[in-house]
Amino acid sequence: MNSNVLKNEDITENIIAFKLTKSYKENMTETELYDITRGCWGVNLERAQSVDYAFSVYKDTIKEVYKIEEWLPAEKLQRTTLPDAEVPEGTYGFKGKIAEKEIRDKYKGKSVKNLCKPGQYNFKYLPLPSSQNHVPNKDEIINKEKSVINQVIEEVQKIEEEITSLNIDEESKKAIVNVRINQGKFRDLLLKRYKNKCCLCGVKNPKFLIASHIKPWAESETKEKSDVNNGFLMCPNHDKLFDKGYITFDDDGKIIISDRLTENNRVFLNVDSKMHIELTLTEGNKKYLKFHRENIFNR
Ligand SMILES: [Zn+2]
């Protein structure tokens, strides 16, 4: 990069740029800058969760680069330098740290004036250059998202057809569904959302990770079967416990453990009451989890 002005093709990470205005001051401390950058924003949680880095931008210049670890509802942010800040309802903020040197050096101090058109934006997702210098417009992004959703629906319909054509018992059907689901797009979406990790314990090897439905396949409509909000990505251990109703989660993503699991089992199966889902739950997650708590947990 010769110029100090970033071009679309310079962007190689998934980034959200936050524009700071009056709240920015020269000579702010590191923590003050971090706190005003990370919240509170009216982002779409699902979209935001697909982003890896955040830019702190003031007057077109990138003041700092953060690696995002998780998004939280704004009221849980605990911004120590802004104890009295107003927290608008339904907004979110991130927890993270200053990006690793390589990424930080690449972007810090550069200008985003060619990427973020001047005007009224508070935050902006910086598009990755998809194909030679082509910056997808809003319609293209929406169409791409739609086509992924359609692919998942198609995949689900295929599995449904296959299952109804088979004259086998429910347990065997379930086994086939699990295999099919874990070969397809639904799992790809969950791998992306949970960054290739068990959403509960962080086990990382994608070979082990299982895509499972929160509201079970057999009880879901086609639309629910293909809804990524109805899925968790888990290691085999936690997947089994969740599937069999030994564990579930409250609306904050905190684990609820069945009394049927003895202390001894809890140790061996790696569950304890401090665990929670790594990502902040979406409204969709909460809807399906309600079903799980009422119909699967402890049954
Ligand atoms: Zn796990």
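I started with the secondary structure and found 10 helices and 9 strands in the protein. I am reading a predicted model here. Along the principal axes, the C-alpha atoms fill a box of roughly 65 × 45 × 35 Å. I also noted that 29% of the 299 residues count as buried. Among contacts with a separation of 6 or more, 70% are between residues 24 or more positions apart.

Next I went to the cores. The largest nonpolar core has 31 residues, and Leu190, Cys198, Cys199, Leu233 and Met234 touch the most other members. Several elements each supply at least two residues of this core, including helix H4 (138-165), strand E7 (231-234) and H10. Apart from it I found another core, of 26 residues, with Ile16, Phe18, Phe55 and Ile68 among them.

I then picked out Cys199. Leaving aside residues up to four places away in sequence, Cys199 touches Tyr194, Phe232, Leu233, Met234, Ile277, Glu278 and Leu279.

My last stop was helix H10 (residues 283-295). Its 13 residues reach 19 Å from the first C-alpha to the last, close to the 18 Å expected. Which residues of H10 are buried? I got Asn285, Tyr288, Leu289 and His292. Seen down the axis of H10, the buried residues fall within an arc of 105°, so they line one face of the helix. Strand E8 (247-249) is part of what covers them. On the face turned away from the buried side of H10, I found the exposed residues Glu283 and Glu294.

Methods: Residues numbered from 1 in each chain as written. Predicted model: local features only at pLDDT ≥ 70, side-chain atom pairs only at ≥ 80, totals over all residues. Helix = DSSP H or I, 4+ residues; strand = E, 2+ residues; numbered from the N terminus. Expected span 1.5 Å × (residues − 1). Buried ≥ 20, exposed ≤ 12 C-beta atoms within 10 Å, placed from the backbone. Arc of directions from axis to C-beta. Contact = placed C-beta atoms within 7 Å. Core = buried A, V, L, I, M, F, W, Y, C linked by C-beta atoms within 7 Å.
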